[in-house]
Amino acid sequence: MGKIGILLPTRGALFQNQGHAAWEMISKMAVLCETSSVESVWVGDSLSAKPRFDPMTILGSLAAKSERLRLGTSVLLPVLRNPAQLLQSINTVNAISDGRLIMGLGLGGAFNDAQKQEWSNVGINHRTRKRRFQEILEIIDLSKIENRLNYAGDYYNLTGLEINQRADKDYAILVAAHARHELREQFERAGKFGDGFISITDTPIQFSQGCEWFTESHIKETNSDSKSEKVMYITVNVSEDIDKAGKEAEDFLTAYYGSNIWGDAWGPFGGSQRVIERIREYQISGATTVIVRFASLDQMNQLKHFIAEVLPNV
């Protein structure tokens, strides 16, 4: 039996609710997860391309409301933020949660006008984001061993940055990597800077390949085969009415992204047994945690159905 995480709808909750009502729904979902055997809850990130609640603010609030749930980002785009402010935010949330924070970090895309405008909105040339991402990973890595941080890079320079908000237990770092791209450098980056990796849309076969690449890189970088996190993020709709599930998922994801960008990469959208089988496929392929996102406007009932029918079987 692997670990199961739930993606909280920090964007989807705002489709039908004003701010406070959306937060209340997210909070209630987290409480339900806390009282079940769900192991972790996660939030996504975007500033203007797919606007939503601020991820670190939400996780800080949930840290104060929960006792055992691990709290993660899937994924946060660090290049949207100043690294000094980001470190303060990360360490603050980790302190509030007493070491339960997992920082899933990703490069972020620039595949359409909305994404390119998102980078422009924070004064970043999207063509520089790969090198900036590398520098921020270096800064975070250094911050874990230095209490007063000095760093000189092409894009970021920090002098005497004191890290005094640490928790007794350090936060975990997951770096996004996708075997479908067949770019081993993603897994080399994850192996060097991460405690694990996180993937989305890879098939179980692709994910298994990614696990091999990560493990190889992680051992090379750390001289250790110590336990690491291998996380897969899937999107489902749980309903015994397959037609209804498909329609709900399409409506939700189209509202989320503006168009069908997923093709047949996500799912299943259907009965509990299909979802159970899909999760097990990823667990067999090496996933230590499977994060589940519900493609539905009715997030709470999806969660209740999942906890009752799927969770006991995975």
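How many aromatic pairs does a search of the whole structure find? It finds 11. Rings of Phe, Tyr and Trp (its six-membered ring) pair if their centres lie within 6.5 Å; planes under 30 degrees apart are stacked, over 60 edge-to-face, and the rest tilted.

Some ground rules. This is a predicted model, where local features need pLDDT of at least 70 and side-chain atom pairs count only at pLDDT 80 or more, while totals for chains, interfaces and linings use all residues. Residues are numbered from 1 along each chain as its sequence is written, and side-chain values use heavy atoms, without hydrogens and water.

Take one pair. Phe15 and Tyr256 sit edge-to-face, 6.3 Å centre to centre, with 85° between the planes. Phe15 is in the loop between strand 1 and helix 1, and Tyr256 is in helix 8 (residues 242-257), so the pair ties together parts 241 residues apart in sequence. Helices (H or I, at least four residues) and strands (E, at least two) are DSSP runs, numbered from the N terminus. Phe15 is partly exposed at 28% relative accessible area. Tyr256 is buried at 6%. Buried means under 20%, exposed over 50%, partly exposed in between (1.4 Å probe, protein chains only).

Tyr256 also pairs with Tyr257: centres 4.7 Å apart, planes at 50°, so this pair is tilted. Separately, Phe187, Phe197, Phe207, Trp213, Phe214 and Tyr282 form one aromatic cluster.

Now strand 11, residues 289-294. 6 of its 6 residues are buried, so the rest of the structure largely encloses the strand. Thr289, Ile291 and Arg293 point one way; Val290, Val292 and Phe294 point the other. Strands pair if DSSP finds at least two bridges between them. Strand 1 (residues 3-7) runs parallel to strand 11, with 4 bridges. Strand 9 (residues 229-238) is also parallel to strand 11, with 6 bridges. Met232 has Val290 as its bridge partner there.

Arg293 lies over the face of Trp266, 4.9 Å from the ring centre. The cut-offs: NZ of Lys or CZ of Arg within 6 Å of the ring centre and within 35 degrees of the ring normal.

On to the core. A nonpolar core is a set of buried Ala, Val, Leu, Ile, Met, Phe, Trp, Tyr and Cys residues joined through side-chain atoms within 4.5 Å. The largest has 88 residues; Met103, Ile279, Val292 and Phe306 touch the most other members. Helix 1 (residues 19-34) gives the largest share, 7 residues. A second, separate core of 9 residues includes Ala245 and Trp262.
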